[in-house]
Amino acid sequence: MYEAPHATEVRRLNGDSDLHPNEYFILRSGKLSALARYDAASATLRHVEKVPSQGIMPRNAEQTFALDALTNDSIQLVTMTGRAGTGKTLLALAAALERRKGYRQIFMARPIVPLSNKDVGFLPGDIRSKLDPFMQPLYDNLGVIQNQWPETDTRHKKIRELRDQDKLVIEALSYIRGRSLVKIYFIVDEAQNLTPHEIKTIITRAGEGTKIVLTGDIFQIDHPISTASRTASAT
């Protein structure tokens, strides 16, 4: 993110090759400031407004930028990093629900990695019962959005309907290989526990009209193989 001292300098940089498509800016002029995104197609800076999604209002510039990218269908790959509690998963899910009409399905997934890579051992029940403990953080974030409204509210009912009709699916990443995801809003949570090869495998599953969102915190890597792979890639 580039923070300009005043708006005139940004206009001068408008044609600069150092600017990247969909790069976000904080424009400052004295005590005034504005948020903007660089549109490479028109080579202009477009104003970014602070707009809520599914009742979730961004609290700072970073969350406003994230929500803008998450709700922009022309941006088909979004990566979000940040410390625990910064709202990455919540914003991604809220944006997906906000844009659900443009997609056939909302698909949320995360790698099956126990805390500190310490396995809890055998879990009883069917596959759903075994996966639910790992998927619970995703259900928690969905509950935050859904429980803003009473059960009789149409918005609360709509989220329940999406789940009942398999329009909103929460699963593990274990069986992603070989699938073709067409017109899917695909959120991958805890992506820091995936190797570069696994990330490439996921991205290549995207078909026409699919948007992929990767969220994670590199300071919470529980899978030692992921760390080793990143170190090897860097060297």
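This note walks through selected contacts in a predicted model.

1. Basis. Residues are numbered from 1 along each chain as its sequence is written, and side-chain values use heavy atoms, with hydrogens and water left out. Because the model is predicted, local features need pLDDT of at least 70 and side-chain atom pairs pLDDT 80 or more, while totals for chains, interfaces and linings use all residues.

2. Aromatic pairs. The whole structure holds 3 aromatic pairs (ring centres of Phe, Tyr or Trp, the last by its six-membered ring, within 6.5 Å; planes under 30 degrees apart are stacked, over 60 edge-to-face, the rest tilted). One of them joins Phe-107 and Phe-186: centres 5.0 Å apart, planes at 80°, so edge-to-face. Phe-107 sits in strand 6 and Phe-186 in strand 8, so the pair ties together parts 79 residues apart in sequence. Strands are DSSP runs of E, at least two residues; helices are H or I, at least four; both are numbered from the N terminus.

3. Phe-107 is buried at 2% relative accessible area. Phe-186 is buried at 0%. Buried means under 20%, exposed over 50%, partly exposed in between (1.4 Å probe, protein chains only).

4. Salt bridges. There are 6 in the whole structure (a side-chain nitrogen of Lys or Arg within 4 Å of a carboxyl oxygen of Asp or Glu). Arg-110 and Asp-189 meet at 3.5 Å, N to O. Both are buried. Shared partners join Arg-110, Asp-189 and Glu-190 into one network.

5. A second bridge. Arg-99 and Asp-73 meet at 2.5 Å, N to O. Arg-99 is partly exposed, at 31%. Asp-73 is partly exposed, at 31%.
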